[in-house]
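I opened the model to look up how the chain is put together. My entries follow in the order I made them.

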Amino acid sequence: ASRAEALGRLSWGHGGVRVARGDAFRVEMEKGSGISCLYLNPPYDLDRVHGRLEQRFLCRFAPMLAMGGYLVFVVPHYALAASAEYLAREFDKVSCFRFPPGDFDVFKQVVLVARKAETFATSRADVERSVRGWSADVSSCEDLPEANAPVERALVLPTSRQQAIDTWNMRPVDVAH
């Protein structure tokens with residue numbers, strides 16, 4: 001509640017910030033053409049009903065990306081296996097970077113960067129093979145670059161206000177279910 005209140009007091013641009021307190025699975029969104037970049041750092045866990053939570057969050061929020069938009073997916077490397085098929089169907093230009101050794105040792109995290117494909121495919125075998133490989137063994141992944149290191153950059157074009165998320169609201173908690 002305190003974070004939502006503090007965020008609501010901020011003002012960026014002309015309209016301020018609209019804030020709704022709740023959780024990611026109760027938010028309802030109607031999108032226009034989609035957002036241009038999604039930074040997704042979901043909880044790292046296994047759910048008895050839904051499997052890997054990382055995959056559940058990916059399926060929940062990746063549809064908000066515009067065609068050609070970029071996903072930045074921060075997860076433990078072993079969690080990538082649950083998302084390999086989905087990533088191969090929805091994304092192309094996929095790269096994976098390992099956190100630096102000291103940081104990697106703690107949570108086994110990687111950063112997967114992928115572009116939302118312009119055309120849908122039943123699968124891109126090369127993408128699925130790469131993602132499954134990174135899930136099993138990160139030795140082929142480069143370390144994330146240092147803060148000031150020169151890196152190849154992707155142009156992420158902003159979507160207009162009319163094209164992003166048109167409306168979003170928080171559903172009330174249904175304590176009966």
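I counted a contact when heavy atoms lie within 4.5 Å. This is a predicted model, in which local features need pLDDT of at least 70, side-chain atom pairs count only at pLDDT 80 or more, and totals for chains, interfaces and linings use all residues. Residues are numbered from 1 along each chain as its sequence is written, and side-chain values use heavy atoms, with hydrogens and water left out.

**Entry 1: leucine 71.** I listed the contacts of leucine 71, leaving aside neighbours within four places in sequence: Leu38, Leu40, Leu58, Leu65, Leu87, Phe91, Leu112, Val113 and Ala114.

**Entry 2: the core.** I took a nonpolar core as a set of buried Ala, Val, Leu, Ile, Met, Phe, Trp, Tyr and Cys residues joined through side-chain atoms within 4.5 Å. Buried means under 20% relative accessible area, exposed over 50%, and partly exposed in between (1.4 Å probe, protein chains only). The largest such core has 35 residues, and Leu71, Leu80, Phe91, Leu112 and Val131 touch the most other members. Strand 5 gives this core its largest share, six residues.

**Entry 3: elements.** Helices (H or I, at least four residues) and strands (E, at least two) are DSSP runs, numbered from the N terminus. I found five helices and nine strands in the chain.

**Entry 4: the sheet.** Two strands pair if DSSP finds at least two bridges between them. An open sheet of five strands has the order 2-5-7-6-8, with mixed pairing. Strand 2 (35-40) and strand 8 (142-143) are at the edges with a single partner strand each, so one side of each has no neighbour in the sheet. Strand 6 (residues 91-98) and strand 7 (residues 109-116) run antiparallel and are joined by six bridges. I noted valine 110 in strand 7 as the bridge partner of arginine 98.

**Entry 5: helices on the sheet.** Axes are lines fitted to C-alpha atoms, for helices over the stretch in contact, and angles run from 0 to 180 degrees between N-to-C directions. Helix 2 (residues 53-61) lies across strand 2 and strand 5 (65-76), at about 165 degrees to strand 5. Helix 5 (residues 125-136) lies across strand 6 and strand 7, at about 15 degrees to strand 6.

**Entry 6: glutamate 128.** Is glutamate 128 buried or exposed? Glutamate 128, found in helix 5, is buried, with a relative accessible area of 18%. Not counting residues up to four places away in sequence, glutamate 128 touches Ala84, Glu85, Ala88 and Ser123.

**Entry 7: whole chain.** Of the 177 residues in the chain, 34% are buried.
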